[in-house]
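Colleague: I am new to this structure and would like a friendly tour. Please put it up, and I will ask as we go.

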Amino acid sequence: MSNHEASYDFIREIIADDLKSGKHSFIKTRFPPEPNGYLHIGHAKSICLNFGIALHFNGLCNLRFDDTNPSKEDVEYVESIKEDVRWLGFDWDDREYYASDYFDQLFEFAVQLVRKGKAYVCSLSQEQIREYRGTLTEPGRNSPYRDRSIEENLDLFQKMKAGVFKDGEHVLRAKIDMASPNMNMRDPTIYRIKHVAHHRTGDKWSIYPMYDFTHCLSDALEKITHSICTLEFENNRPLYDWVLDTLETDCHPQQIEFARLNLNYTVLSKRRLIQLVEGGHVSGWDDPRMPTLSGIKRRGYTPESIRNFCDRIGVSKRDSIVDMELLEFSVREDLNRHAPRFMAVLNPVKVVIVNYPENLTEELEAVNNPEDASMGKRKVPFSRELYIDRDDFRETPPKKFFRLSPGREVRLRYAYYITCREVIKDKDTGEIIEIRCIYDPETRGGWSKDGRKVKGTIHWVCASQCLRAQVRLYDRLFTASNPLEKKDGVDFKDYLNPNSLEVLDDCPIEPGLKDLSPGSNCQFERQGYFCVDIKDSRPEYPVFNRTVTLRDTWAKIERRGKK
RNA sequence: UGGGGCGUCGUCAAGCGGUAAGACACAGGAUUUUGGUUCCUGCAUUCGGAGGUUCGAAUCCUCCCGCCCCAGCCA
């Protein structure tokens, strides 16, 4: 973008215009989650957008809980939401609001609507209301209660509030147009009776306002300038405007819709995520395979990488499915710069250096992060018996394989050149149980004075000095790129990847790893980025979660060879 | 068959009548004590389709096609 300015997304463009034209001099947005589930990466897009816009234009973004349906909501969710937004790196200061804080004002607004003759108490049953509503192609019919007097409506509505009626006996409806081609305008319900305790207001209310009535007024009360929401609310915008226009509020925010995030190989809807949790397909909302922010965090993703990802995907009105690899690229990019490197062997096979002294242990120097010299160096113990990864040895090496094999010399990272001399196998199973090598004492540190080159460098861990750890290898949760693709009676859960988690126990790891605290990221050299599990890791037996593998060109070459 | 939206590279996405940005992915190559990183190079003669307007169209007009959303006392 050398010649042109970085282009705004269409929302920032609208806002910049509003600022330029003088329509607004101060920008205010809000992030309005309903506390009925955990936040996921899709919400991160909205959070980054709303808070990002406020930051960008020097405005403010409120956090507002849209808690108008007590039967679905819970404080557990509000706590997790606050934690996740903070984790992502955004701050709402003291601007933590709840739609439920506005219940009194909302009630008054509803009374005003009734007084204006723009709302009425309807006593049709739920089924009748549905019948009267008509269909997409046929207009609805007016409710027989549509023309109740203002006095009667007022009286009935007060009684609804007072709790004299049972759930479902009456509702308050906006009086708009039963023939509107927009279903949302066919006298939408704005208040319903619910004898349910609310997580904040307790049993004060027996009626609760509906979303369409609550959201626009909450926005107006908070003096929001731009109310950004997802595409499916586009049909609700006329109603949003109708309520504010009819009530003649002194603030009329502009609702702008953008396309929600979809990611391949996963699902992003609370409804479906809750099925995975309740069905026991994952260990909980924060299972590292979940696209929830708590899951992603536990997986080892950094807030920085999520924010970068959200910048990269852009904002538009097109329904789209973003490639998971873009998310993975974003973490790799961040972790490559920041994660300290260590050596760990996931699938160990023993290597004995036959010409190395029996009882010697050396301390070899290793670089903590080749991308950042300020991260320093560390000592790694080395002795006669080591572990290397089984994948790094082939008895009969395929073409282009330049790791260890009989007669071949490779470099042990930061240590010595070794040459394989003998392979010991289990008599019965034929499994390789030990690889015998000789080392060249002149190559200490991994250099040879004679300039001799080795093709491969492999990682290793000292057998006598290593720690043991559990390593959890995570893979995509679904086998289908779009688990929601419509197919004859196939449920998205049918595409769950049975191999999305592989648990490896007693993996030999470099002793320096014991100092990492829960939640810390690191790289296991040549393998991937890992983090210490926040819940299950113990000093005596650490647990590492694989965040993402390193790019693996060898695997690609090998795969190609097989095809 | 009502209404509201949306169709630009494999995936996102710029483009706002002057001759198709960028990112990821992919493919080559260089450098490398991570087959990592980094660095080069390549990757839409064409913008859902067909017409039209114009000196000039992805951008304007017309028609057509495809996809998404709406019939909760959910949000």
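Predicted model: local features only at pLDDT ≥ 70, side-chain atom pairs only at ≥ 80, totals over all residues.

Colleague: What is phi of lysine 223 near?

Modeller: Most residues other than glycine have a negative phi. Lysine 223 is not a glycine, yet its phi is positive, near 60°.

Colleague: Is lysine 400 buried or exposed?

Modeller: Lysine 400 sits in the loop between β14 (385–389) and β15 (409–412), and it too has a positive phi without being a glycine, about 70°. Buried means under 20% relative accessible area, exposed over 50%, and partly exposed in between (1.4 Å probe, protein chains only). Lysine 223 is partly exposed, because its relative accessibility is 45%. Because lysine 400 has a relative accessibility of 61%, it counts as exposed.

Colleague: What volume does the largest cavity have?

Modeller: On a 1 Å grid over the protein atoms alone, a cavity is a set of points where a 1.4 Å probe fits but cannot get out, and a pocket is an open set with protein on both sides within 12 Å along at least five of seven lines; lining residues have an atom within 4 Å of a point. Points are joined across faces, edges and corners, and a volume is the space filled by probe spheres set on them. By this rule there is one cavity of 30 Å³ or more. The space in the largest cavity comes to about 40 Å³.

Colleague: Which element gives the most to the lining of the largest cavity?

Modeller: The lining includes Tyr211, His215, Phe233 and Gln255. Nonpolar here means Ala, Val, Leu, Ile, Met, Phe, Trp, Tyr, Cys and Pro, charged means Asp, Glu, Lys and Arg, and the others, Gly among them, are polar. That makes four nonpolar, three polar and one charged residues. With four residues, the element that gives the most is α7.

Colleague: Which residues are closest to the centre of the second largest pocket?

Modeller: The second largest pocket has a volume of about 1,000 Å³. Of the 32 residues lining this pocket, those closest to its centre are Glu34, Glu232, Phe233, Arg260 and Lys270.

Colleague: From which domains does the lining of the second largest pocket draw at least three residues each?

Modeller: By class, the lining of the second largest pocket holds twelve nonpolar, ten polar and ten charged residues. Domain bounds come from an automatic or database domain assignment. For chain A the assignment gives three domains, including domain 3 (341–465). The two that each give at least three residues to the lining are domain 1 (10–258) and domain 2 (270–338 + 469–562).

Colleague: How many residues of domain 3 are in contact with domain 2?

Modeller: The centres of domain 2 and domain 3, taken over C-alpha atoms, are 29 Å apart. With contact meaning heavy atoms within 4.5 Å, 26 residues of domain 2 meet residues of domain 3 that number 30.

Colleague: What separates the C-alpha atoms of valine 349 and phenylalanine 393?

Modeller: Valine 349 belongs to strand β11 (residues 348–353) and counts as buried because its relative accessibility is 3%. Beyond four places in sequence, valine 349 touches residues including Leu386, Ile388 and Ile433. Phenylalanine 393 is 44 residues away along the chain, and the C-alpha separation is 9.0 Å.

Colleague: Which strand is the place of glycine 528?

Modeller: Glycine 528 is buried, because its relative accessible area is 0%. Leaving aside neighbours within four places in sequence, glycine 528 is in contact with Cys522, Gln523, Val548, Thr549 and Leu550. Its strand, residues 528–532, is β23.

Notes. Residues numbered from 1 in each chain as written. Chains lettered and ligands numbered in written order. Heavy atoms only, no water. Helix = DSSP H or I, 4+ residues; strand = E, 2+ residues; numbered from the N terminus.
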